[in-house]
Amino acid sequence: MEPPLPEFLPDDPLPLVQTWLAEASAAARNATAMTLATVTADGRPAARMVICRGFDARAGWLVFYTDRESDKGADLRAHPRAALVFHWDAFERQVRIDGPVTTAPDADSDRYWATRPPEARAAAAASRQSRPLASRAELLARVAEEAEREGEEAARPPRWGGYRVWAERVELWVGQPARVHDRARWSRELTPVGGGYAGGPWRATRLMP
């Protein structure tokens, strides 16, 4: 059983999130997997799992990469806000983060693309994510064709790149005996600055579990 949150909540929750993420990554498989929740153009909630590929606690954003022409990309064009959830059952810890979303700089997307194995680059370039598909055989043929055409140097498609989720609200949860869990929320105002956001001071409060 993990200890509860500090009696005096920290002024900034993001360093604690960073610590929790590092501890989970050292002990659990797929610790950087997170639920990404968006809203469709007609107001339907949508959620799926993605991988957190970067976290800048000082700047206040987390990044994931995807096909921007996918369903999630369409959602974010219509409503550029998202909610994230990390849950680490072995640690009885949960993190919720929500806020506005911006596209990551092309240079960041290029750097991440270059770290992917050649077969993963070919698959991402060949798959028009969320589009209808006649059969799995069709997809495998598209991937094989892309791999043969581009070899190991498949270029990043313009439609493929990163999204940054800027932390406007953060909620931390720790499991405790008899389900008397510990829970706290931080919120702040964000100001648009140069394609991103600058955060004001955090306001923290404990919540009933």
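**Entry 1: charges over rings**

I started with Arg68, which lies over the face of Tyr163, at 5.6 Å from the ring centre. My rule for a charge over a ring was NZ of Lys or CZ of Arg within 6 Å of the ring centre and within 35 degrees of the ring normal. I also found Arg164 over the face of Trp61, at 4.0 Å from the ring centre.

A note on the source: this is a predicted model, so I kept local features at pLDDT of at least 70 and side-chain atom pairs at pLDDT 80 or more, while totals for chains, interfaces and linings use all residues. Residues are numbered from 1 along each chain as its sequence is written, and side-chain values use heavy atoms, with hydrogens and water left out.

**Entry 2: aromatic pairs**

I paired rings of Phe, Tyr and Trp (its six-membered ring) when their centres lie within 6.5 Å, calling planes under 30 degrees apart stacked, over 60 edge-to-face and the rest tilted. How many aromatic pairs does this rule give? The count comes to seven. One of them, Tyr65 with Trp160, is stacked, at 5.9 Å centre to centre and 10° between the planes. Tyr65 sits in strand S4 (residues 61-67) and Trp160 in strand S7 (residues 160-166), so this pair links distant parts of the chain, 95 residues apart. For helices (H or I, at least four residues) and strands (E, at least two) I took DSSP runs, numbered from the N terminus.

Are Tyr65 and Trp160 buried or exposed? Both are buried. My cut-offs with a 1.4 Å probe, protein chains only, were under 20% relative accessible area for buried, over 50% for exposed, and partly exposed in between. Ring pairs also link Tyr65, Tyr112, Trp113 and Trp160 into a cluster.

**Entry 3: strands**

I then looked at strand S1 (residues 33-39), which runs antiparallel to strand S2 (residues 45-51) and is joined to S2 by seven bridges. Strands count as paired here if DSSP finds at least two bridges between them. Ala33 stands opposite Ile51 in S2. S1 and S2 form a hairpin with five residues between them, and Gly43 in the turn has a positive phi of about 90°.

S1 is also joined by three bridges to strand S5 (residues 81-88), again antiparallel. Here Leu36 stands opposite Leu84 in S5.

**Entry 4: loops**

Asn30 is in the loop between helix H1 (14-27) and S1, and is partly exposed at 48% relative accessible area. Arg179 has a positive phi as well, near 60°. Arg179 lies in the loop between strand S8 (169-174) and strand S9 (182-187) and counts as exposed at 66%.

I also looked up Arg58, in the loop between strand S3 (54-56) and S4. Arg58 is exposed, with a relative accessible area of 84%.

**Entry 5: nonpolar cores**

My cores are sets of buried Ala, Val, Leu, Ile, Met, Phe, Trp, Tyr and Cys residues joined through side-chain atoms within 4.5 Å. The largest has 34 residues, and those with the most contacts inside it are Phe55, Phe64, Phe86, Trp88, Val95, Val170 and Leu172. Among the elements that give two or more residues to this core are H1, S1, S4 and strand S6 (93-103). H1 gives the largest share, five residues.

I took Val170 as an example and listed contacts (heavy atoms within 4.5 Å). Leaving out residues up to four places away in sequence, Val170 touches residues including Pro13, Leu14, Val17, Ile97, Trp186 and Trp202. A second, separate core of 11 residues includes Val63, Tyr65, Tyr112 and Ala124.

**Entry 6: salt bridges**

I searched the whole structure and found 20 salt bridges, each a side-chain nitrogen of Lys or Arg within 4 Å of a carboxyl oxygen of Asp or Glu. Arg93 and Glu23 form one, at 2.6 Å, N to O. Arg93 lies in strand S6 and Glu23 in helix H1, so the pair ties together parts that are 70 residues apart in sequence. Arg93 is buried at 8% relative accessibility, whereas Glu23 is partly exposed at 34%.

Arg48 and Asp75 form another, at 3.4 Å, N to O. This pair links strand S2 to helix H2 (residues 71-78), 27 residues apart, and Asp75 is buried at 6%. Last, I noted that Arg96, Glu171, Arg183 and Arg185 are linked in a network of salt bridges.
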